[in-house]
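Hi everyone, thanks for coming. Let me put the chain up on the screen and then walk you through it.

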Amino acid sequence: MKQARHITTELVHHAYQAPAAFSAPQPAVHKASTVLFDNVQDMRTRRWLDKSGYTYGLHGTPTTYQLEERLCSLEGGQQCLLVPSGLSAISTVALGLLSAGDEVLIPDNAYGPNKDFADHELTRWGIRPVLYNPMDVADLQAKITPATTLVWLEAPGSVSMEFPDLIAQVQACRARGVTTVLDNTWGAGLAFQPFDLLADGGSLGVDVSAHALTKYPSGGGDVLMGSIITADAALHMRIKLTHMRLGIGIGANDAELVLRSLSSVALRYRAHDLSARTLAAALQRQSAVVQLLHPAFAGAPGHAHWQQLCGAANQGQGAAAGLFSVVIDSRYDRAAIDKFCDSLQLFRLGYSWGGPMSLVVPYDIDSMRSGGRGSLQAGSVVRFCVGLEDPQDLMQDLAQAWQLAFGTPWQD
């Protein structure tokens with residue numbers, strides 16, 4: 001006879017198990033810190049490093065494993081690690097692959113927090129960061145030394161949107177046996193395949209892709225997450241063990257939100273892209289705009305490299321996300337630039353991008369570059385993140401703010 005137990009004990013150890021045969025469009029959300037084992041032998045032999053089992057919530061659940069595998073399909077990689085943010089992906093890669101005495105090369109137009117992490121954290125651990133000109137492959141080659149262990153790549157550059165010769169950069173690094181890491185947040189696995197840059201079956205690709213899932217894969221502007229994707233098992237394991245020792249994990253509900261959004265990422269990416277091109281073309285017609293920084297437009301820095309790498313996407317029209325910047329003539333002072341941004345009603349002031357709401361940010365580009373403005377013309381830089389609003393509504397918003405700030409009529 002079953003011994004009667006107190007209701008509190010019964011509720012914790014209830015015997016009922018729901019039937020296993022259940023299928024739905026969205027994966028189930030598994031939340032766990034503790035994972036249960038059948039017996040001691042099971043506890044001793046179960047492995048999580050190869051994803052053949054579960055040992056502790058921090059090391060993976062069915063929910064996170066599914067998200068990792070789908071992200072591998074998106075970017076063409078073989079292994080994936082999930083981290084709490086894009087910056088966490090950057091720092092985890094650095095900690096996993098760099099040691100005291102190493103050098104890491106970073107493009108001068110890289111994501112600012114990447115450079116900041118290198119300057120303030122890596123230098124404390126005896127790792128030397130070196131900036132290179134991303135638009136000059138010869139400069140990259142010249143700065144690779146026997147101490148160079150890692151080269152960061154970014155396509156396009158942060159804010160200023162220069163598109164480098166990514167193929168030549170990877171070739172230069174491979175010739176010297178240097179590991180490459182690409183910040184692939186802009187491309188998102190949709191503009192080009194980071195592990196198959198030549199579209200010939202993978203003969204040339206980056207070694208690691210770091211991706212801020214906060215942007216397009218999430219799509220809602222409400223989740224912070226990042227991924228680290230590799231195609232080499234040994235390289236993946238080096239980073240994975242660092243990831244484990246640092247105790248980095250993500251929440252199951254955040255994984256659920258990205259999984260739910262991932263099925264529509266290609267459709268949303270294309271919609272962002274089309275609207276951004278419409279608005280970029282309109283801004284290019286304005287007399288106060290002296291330069292359009294959008295890699296899909298002829299004349300933009302690195303346009304030919306974008307065409308080479310991304311031109312085959314989207315039925316041959318190329319893919320370019322929903323992000324661009326403009327340089328506004330230097331005769332307009334900072335007060336006018338600020339008034340323009342403040343006068344916008346649909347473009348809201350805020351960092352990040354890839355969500356449904358359009359955003360705008362003015363930047364002091366000179367304070368962000370150590371090697372000068374490069375191919376950027378003189379003037380103030382304003383970055384636009386185009387959301388999913390109707391592009392004609394966004395156009396009207398730009399026109400009214402333009403008139404208020406600059407006193408010149410909007411050119412249709």
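Let's begin with burial: 52% of the 412 residues in the chain are buried, meaning under 20% relative accessible area with a 1.4 Å probe, protein chains only. Before I go on, a caveat: this is a predicted model, where local features need pLDDT of at least 70, side-chain atom pairs count only at pLDDT 80 or more, and totals for chains, interfaces and linings use all residues. Residues are numbered from 1 along each chain as its sequence is written, and side-chain values use heavy atoms, with hydrogens and water left out.

Now, overall shape. Along the principal axes, the C-alpha atoms fill a box of roughly 90 × 50 × 40 Å.

What about contacts, meaning heavy atoms within 4.5 Å? Of those between residues at least 6 apart in sequence, 73% join residues at least 24 apart.

On to secondary structure: the chain has 13 helices and 12 strands, as DSSP runs numbered from the N terminus (helices H or I, at least four residues; strands E, at least two). Five strands form an open sheet with mixed pairing, in the order β8-β9-β12-β11-β10. Its edge strands, pairing on one side only, are β8 (289-293) and β10 (348-349); pairing takes at least two DSSP bridges between two strands. β8 runs antiparallel to β9 (residues 323-328) over four bridges, and V289 has I328 in β9 as its bridge partner.

Key:
Buried means under 20% relative accessible area, exposed over 50%, partly exposed in between (1.4 Å probe, protein chains only). Contact means heavy atoms within 4.5 Å.
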